[in-house]
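Open the model in your viewer and keep the selection tool ready. We will go stop by stop.

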Amino acid sequence: MTAPAIVSLSIENLRGSVTPFTLAFEKNKKLTIVYGENGTGKSTISDALDLLGNEKVGSLENRGVGAATRPYWPSVGKAHADVKVALTTLAGTCTLSLGKMAAVVDNPSLKPQVAVLRRSQILNLIAAQPADRYKAISRFVDVSGVEASESTLRKLINDKNKDFDNATARVGANRTSIENFWEQAGKAPPDAFSWAKSEVQKDQKELDQKKAAIDELVSRWDKVIPHQNRLIELSGQLKTAEAALEKAEVDLEAITSDAADGYVEVLEILKAAQKHFTTHPHPSVCPLCESNEKAGELVTEVNRRIEAQGLHSKLDAAKKAVAAQRGVVQAATQRLEDFKKDAANDFAALESYCTDGSRLAELELPAFPVPSQPEQWADWIDGNKDKRDEWKRTSDACVDAKMFVETLRLSLKNLEESEAAAKELEVVLPRLREILKIVERERKKYTDSVLDAISTRVGELYEAIHPGEGLNKIVLALDAAKRGSLDIATEFAGRQDSPPQAYLSDSHLDTLGLCVFLALAEHEVPEQKILVLDDVLGSVDEPHVERVIGLIYEVSQKFRHALITTHYRPWREKFRWGILKPDQVCQFVELRGWSLSDGMALSGSIPEIARLKVLLDDQNPDIQAITGKAGVILEALLDFITLKYGCAVPRRAGNAYVLSDLLDAVNGKLMAALTGELVVVDDTGSQAVTPVPIKPILEEIKTIAQARNVLGAHFNALAFDLYPSEGIRFARLVEQLCDALICPDHGWPTKDTGSYWKNGGDTRRLHPLKKPS
């Protein structure tokens with residue numbers, strides 16, 4: 001699918017674009033040359049495309065600012081969020097902005113592929129170490145997906161090797177473990193593994209039941225153990241209560257004996273009367289004898305007699321103490337009796353459990369029956385308590401036996417799994433290794449085929465720049481012993497596999513690096529890529545520059561678009577004069593001086609012929625500028641004709657020809673035969689050829705050629721006597737000659753067709769092919 005043509009590139013706050021900058025691309029021109037002196041912002045344009053396509057700013061790499069160049073991407077005083085690059089195409093606009101950590105691309109389906117070569121990278125392609133050289137080209141010979149899969153496969157093999165070693169080690173360890181168990185069990189026949197399989201098949205419920213029975217025995221035993229201490233405790237409590245009762249009764253007896261004779265008996269009558277008087281405080285007669293004598297003093301007398309001996313409260317307290325203590329004795333007696341009954345039941349339950357069933361047959365059980373007298377329980381418990389430890393050990397042995405079986409079962413399972421894994425890995429590993437060999441072989445085969453094709457193309461490109469020098473036998477190859485290592489060699493003076501760094505000049509190495517890059521870049525879908533060459537003509541010597549430029553023009557036509565930045569001035573001048581080689585159709589852009597306040601700006605590079613037309617169209621024409629410009633252009637045209645046909649021109653030091661020398665050199669049969677042709681192709685493909693005889697134009701120019709010297713070349717008083725129209729007429733004749741010979745799009749007719757000369761687009765032709773004899 002053909003990528004849509006690009007329309008414009010907009011840059012904001014990236015590097016030198018301190019103010020918004022837009023570069024519009026001319027329609028149907030696949031090559032854009034950006035000319036500017038150093039420091040005008042050419043690399044910023046390259047960086048913008050690099051950032052948009054590759055999300056990096058390559059001009060800062062290897063410049064000593066550190067590995068992290070991102071802090072220096074924004075223009076001075078701007079933040080990353082201010083940076084924006086937008087590429088508008090016929091299909092829409094793709095915009096890149098910078099987030100905190102990464103680039104954000106809007107409309108990513110239109111994100112372009114961009115291949116960038118900077119002069120600083122050229123030597124990395126040639127003079128760097130093989131590993132670094134491979135890094136420089138790896139993005140073009142992209143087998144990263146295969147390499148990633150290969151790396152994953154290699155890691156898988158390493159992991160499987162470790163798994164195999166681990167499985168083998170586990171097999172040995174599990175075998176040893178099972179054999180140790182077998183030896184501890186007495187080496188039952190026929191062998192350790194048959195014994196182990198037999199053991200793990202046994203029913204483990206019997207062990208669970210035995211352990212449960214023993215644990216129940218221990219629990220019942222533990223329940224009767226405290227009874228001896230509890231008996232002592234409750235018996236002690238009863239004795240204490242009985243002693244307290246005895247003392248309370250003695251105290252009561254002592255108080256009673258101390259009272260007056262008959263006091264105790266009368267006291268009860270008096271207390272009853274006192275209680276009666278509580279509810280009948282004003283008796284009229286005595287309630288006992290019904291006498292009314294001294295009835296008013298009766299209540300007072302009763303109270304006095306109750307308190308007469310001061311024993312009333314003591315006697316009450318003593319009686320209450322005796323009653324309370326009798327209650328304590330009764331409660332202690334009841335607790336002791338209840339305990340004896342419960343304890344007897346516990347002993348009976350223990351005896352019943354021990355004599356019922358065969359699960360405890362292997363154990364040494366207590367001696368029954370339990371003594372019926374509680375006082376003998378302690379001796380019985382002490383005589384049997386050591387048996388409990390053996391019961392507990394037997395219970396724990398059940399757990400150990402069960403755990404042993406589980407361990408044995410796990411060992412068997414691990415052995416089986418490890419043996420199965422080891423057998424599987426024995427089959428898988430050789431296959432994986434063979435697959436890895438195939439992948440490595442195919443990757444290298446593919447890469448070698450790519451590099452072979454690229455090597456051939458590099459040789460072709462290099463031969464175009466250095467024809468006949470015998471340096472076109474270039475070999476690019478991966479080092480078989482080192483992954484990610486690229487060797488480059490050439491044939492020098494008949495010596496094969498010579499490293500070019502050892503024999504070639506810097507200029508030759510630069511052009512070789514350029515050729516390698518171009519061959520790599522055009523290898524895969526160049527029609528989808530934007531090619532960017534940033535100032536790559538730095539050290540190329542003058543004899544080869546013309547060929548390099550021609551090569552760049554040729555190769556650039558294969559790409560979606562090509563953008564070249566340069567400060568090579570002859571390129572600028574040849575564009576201005578329209579004398580670039582055939583087929584070198586391009587857009588030429590010139591940058592003016594950069595400033596911190598204004599940033600990057602286009603000045604425009606207008607061909608000299610176009611400048612003349614602009615001057616002629618001015619409503620207030622500058623005659624001096626018009627005639628001066630026309631004279632310089634005429635000299636260029638005549639120089640072209642005299643060189644093309646080998647006309648005789650007076651020889652002077654420095655080849656400083658004047659206009660008259662060049663005009664006079666075009667004469668005779670050549671002048672008569674000179675004819676230009678304007679070729680126009682309409683929408684149907686039909687050609688319309690309009691001949692333009694050159695002789696009438698040159699003859700008329702000769703008649704007024706002096707106007708150029710008088711009006712446009714020097715200060716001369718004769719200019720006062722000439723009409724401005726003479727200068728305009730002279731310039732118009734030069735314009736006619738330009739239109740006959742030069743196309744504004746395809747330049748001068750410099751291509752030999754065998755019959756005539758034509759330009760690259762076959763829009764201008766020049767007859768004859770040879771100077772008439």
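**Stop 1**

Select α17 and α23: their crossing is left-handed. This is a predicted model. Helix α17 covers residues 608–617, and helix α23 covers residues 724–741. Their axes lie 11 Å apart, and the packing angle is about 140 degrees. Angles over 145 degrees would count as roughly antiparallel. The two helices α17 and α23 are therefore oblique to each other.

Now show the side chains at the contact. On α17, pick Ile 609, Leu 612, Lys 613, Leu 616 and Asp 617. On α23, pick Ile 728, Ala 731, Arg 732, Val 734, Glu 735, Cys 738 and Asp 739. Colour the contact residues of α17 and α23 by type: 7 are nonpolar, 5 are charged and none is polar.

**Stop 2: an open sheet**

Next, select the 5 strands of the open sheet, in the order β15-β14-β18-β17-β16. The pairing is antiparallel. Which strands stand at the edges? They are β15 (687–693) and β16 (751–752). Each has a single partner strand, so one side of each has no neighbour in the sheet.

Zoom in on β14, residues 675–681. Strand β14 pairs with β15 in the antiparallel sense, over 7 bridges. Click Leu 678, and look across to Thr 690 in β15, which stands opposite.

**Stop 3: confidence**

Finally, colour the protein chain by pLDDT. The chain averages 79, and 80% of the residues score at least 70. Then select residues 717–721, where pLDDT stays under 50. For residues 717–721, the model has 4 contacts beyond four places in sequence.

Notes. Residues numbered from 1 in each chain as written. Heavy atoms only, no water. Axes fitted to C-alpha atoms, helices over the stretch in contact; angles between N-to-C directions. Helix = DSSP H or I, 4+ residues; strand = E, 2+ residues; numbered from the N terminus. Parallel < 35°, antiparallel > 145°, perpendicular 65-115°, else oblique. Left-handed = near helix turned anticlockwise from the far one by under 90°. Contact = heavy atoms within 4.5 Å. Nonpolar A, V, L, I, M, F, W, Y, C, P; charged D, E, K, R; others polar. Pairing = 2+ DSSP bridges. pLDDT = per-residue confidence, 0-100.
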